[in-house]
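Dear colleague,

I am passing on the structure below, together with some notes on what turned up in it. Please keep it open while you read, so that you can find each place as it is mentioned.

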Amino acid sequence: MTNQSVERDRARRANAGWGRSLSFLIVALGLTSAVKADELLIDTKLHHLRAGTEREWSEFPEQAEASRLIVRFRSEANATEQALRLRQQDVKQQWRLSLNEKQLGRLVLDENDTVIYLAVSPGRLVAGENVLAIEQLNRTADDIRVGEIALDSRPLKVLISEATVELSVLDATPPTEPSLTPCRITIVNADGALVTTAAASNETLAVRPGVIYTADGRATFGLPAGEYTIYAGRGFEYGIDSVRLSIKPGDKVRKALSIRREVPTDGYVACDTHIHTLTHSGHGDASIGERMVTLAGEGIELPIATDHNRHIDYDAVARRHGVRRFFTPVIGNEVTTAVGHFNIFPVAKDAAIPEFQLKDGNGILDSIAVRTSAKVIVLNHPRDVHSGFRPFGAERHNAASGENAADWLMRAKAVELVNSGAQQTDVMQTYRDWFSLLNRGALFTPVGASDSHDVSRFIVGQARTYIRCRDDQPGEIDVNEAVRNFLAGRVLVSCGLLVEMTIDDKYGPGDIALASDAAQVAVRVLGPSWTTADKVTLYANGVAIREAAIRDNGRGGMKWSGEWKLPRFNHDVHLVAVATGPGVKALYWPIAKPYQAMSPVVERRVIGSTGAIWFDADGDGQRTSAFEYAKRLVEKHDGRAADVVRALAGYDQAVAIQAAGLLQAQGVSLDSADIRAAVNQAGPHVETGFTEFFAAWRASEVARTR
């Protein structure tokens, strides 16, 4: 057999099982010229690889170069450890690296642009041709870029410790004297990629490639020689400071950075209701010790421990890592079932675990009540599919009316609107769901949470819930007060922006605003200097009634403020203000791509919103939902469907949607001539409401037949 035939046969066997639509890419290089005295550059390009047949994101070309990468290079055999450097981008699934048909390691699970290093143990290189292969472990759709591969003749620790950086980070917020503070440190190279350092996690540090969280504001770490920018920040409420470094071998650099609070949150505690650890959930990468450091570094004051079907107490671990004074930990649990995931808190440490194996929803919630007495039940990521179940899937949920065939779901007390670890393609989808729930009469508290399982891939507290509560001593928060106000809806949802709203200078989220001839609504949009707001919208019963474009000045603090005078409403409504802006791409706080994407087109956004303020137009001191008004109309006009529709002229679109659902449930044909005539007579808001209800109902019917 000729050498060419051998190569073809070897390639055919190596690619077996990977499908016919994508080939593998072979990069063949001779003895490569030295870039540094100790370095061989064996691949100069970034290569686009694709597992599966579908393009994951539109930012990638329609056709990938290959499904896997094979790099052939010539080298000497190595008697001592050497180091392999490569650059990776957009890695979501597991990709394996093999050297001469033996596994060398894996790419880092991180979508961010990252430079990683792997140790090449003695004897792994052979004299002559060597083969490096990069391939996915399964066929799950994933588009990645990988390449710019170099081999360094020095051991890994020597290479990444060519120079030493000693960094300190101060909180310089006036009026107190600057002092060392927990924070996140981000290191990127001249190409803007995260770079692996020689630091390692310990009692005060949580480390991943290009990211170091420090519990005490200090970090000392090695770096390869090169050009870098180092950033320091402390989550949403603080600004960013940075320094550029040009480091030569043997350098020892000392730098101090200062960050300041830019977003005032007095009277609110920063809460993340959805937090995991590798230690107790069994996936992700953050040990429980690393989690304590990241919580302090991101400024989360009320973290809820929600490992899967476990009751975990952070208190002792937080004290061991010296960060307990920065937050008040709460024991919770993500009750993970085949029919939905539910975060519950607070839970006694010795409480029994709920019967999460049950398939009956009411049984699960009954078990939560009996075994834990948890006051809060949060319906998590309602638009995501887990175990084949999507809580707000069209097959069981009418997106317009908020009616759910699994009516036991309505026993939850809150719902995640922004999950920064599982973003929605359309960031407003879950808001529309929430508005429909409120219109249905289900008074859910809105929640922002991170669902973080990791040190850095998904940032803990990136999405968070601000709860109205005394906050002057983060280590001594009154949990009972926080829970009461959370259940009352006295919250703000934040993922890069914060929105405050009052009615007549005295009513805020969670309140019932007493009726007046005209309501004065004041709204403020806040954020740090490194996020941008471009729009703020005021919704009444889920319908946009006011909107303003925002010209962000790039400063921290106030992004926009304004007032709207609203005429008196004919009936009770809930008012919510929402601000959005372009997503953060900078690697010191990047917004992740959608988790279960509905489109290959990516438009990441920052978002902030208020909780709901109910405007009591009928003066009865109650929150009267659109569903209740529709129900009263149907009962009043007993059996006279056209009269019900005509009466909707005095109500809004939300009441019309609920009325459409009630009439259809009674067997009324919404497409009959008399109903269509009544709809036209009642006004455009009724026509829109009936159209939206029917479209959502039709989507449900189609989904049930699949």
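This is a predicted model: local features need pLDDT of at least 70, side-chain atom pairs count only at pLDDT 80 or more; totals for chains, interfaces and linings use all residues.

Strand β7 (residues 114-120) and strand β13 (residues 194-195) run in the parallel sense and are joined over two bridges. With strand β4 (residues 82-89), on the other hand, β7 pairs in the antiparallel sense, over seven bridges, and in β7 it is Tyr117 that stands opposite Arg85. Is β7 buried or exposed? Six of its seven residues are buried, so β7 is largely enclosed by the rest of the structure.

Helix α13 and its two partners

Further along the chain there are helices to look at, and as a general point, two packed helices are described by the angle between their axes and by the distance between those axes. Helix α11 (residues 653-665) packs against helix α13 (residues 684-704) at an angle of about 50 degrees, and their axes are 8 Å apart. Because of that angle, α11 is oblique to α13, and the crossing in which α11 passes α13 is right-handed. On the α11 side the contact includes Ala656, Ile657 and Leu663, while on the α13 side Val686, Phe690 and Trp697 are among the residues taking part. Sorted by class, this contact of α11 with α13 has eight nonpolar, six polar and one charged residues.

Helix α12 (residues 673-682) also meets α13, and here the axes come within 6 Å and cross at roughly 135 degrees. An angle over 145 degrees would count as roughly antiparallel, and α12 and α13 are therefore oblique to each other. In this contact Ile675, Val679, Asn680 and Ala682 of α12 meet His685, Val686, Glu687 and Phe690 of α13, and by class there are five nonpolar, two polar and one charged residues.

A residue in strand β34

Finally, please look at Val543, which is found in strand β34 (residues 543-549). With a relative accessibility of 28%, Val543 counts as partly exposed. Leaving aside neighbours within four places in sequence, Val543 is in contact with Leu538 and Gln653, and Gln653 also belongs to the α11 side of the contact with α13. Val543 and Phe435 lie 108 residues apart in sequence, yet their C-alpha atoms are 8.8 Å apart in space.

With best wishes

Technical notes:
Residues are numbered from 1 along each chain as its sequence is written. Side-chain values use heavy atoms; hydrogens and water are left out. Axes are lines fitted to C-alpha atoms, for helices over the stretch in contact, and angles run from 0 to 180 degrees between N-to-C directions. Helices (H or I, at least four residues) and strands (E, at least two) are DSSP runs, numbered from the N terminus. Angles under 35 degrees count as roughly parallel, over 145 as roughly antiparallel, 65 to 115 as roughly perpendicular and the rest as oblique. A crossing is left-handed if the near helix is turned anticlockwise from the far one by less than a right angle, and right-handed if clockwise. Contact means heavy atoms within 4.5 Å. Ala, Val, Leu, Ile, Met, Phe, Trp, Tyr, Cys and Pro count as nonpolar, Asp, Glu, Lys and Arg as charged, and the others, Gly among them, as polar. Buried means under 20% relative accessible area, exposed over 50%, partly exposed in between (1.4 Å probe, protein chains only). Two strands pair if DSSP finds at least two bridges between them.
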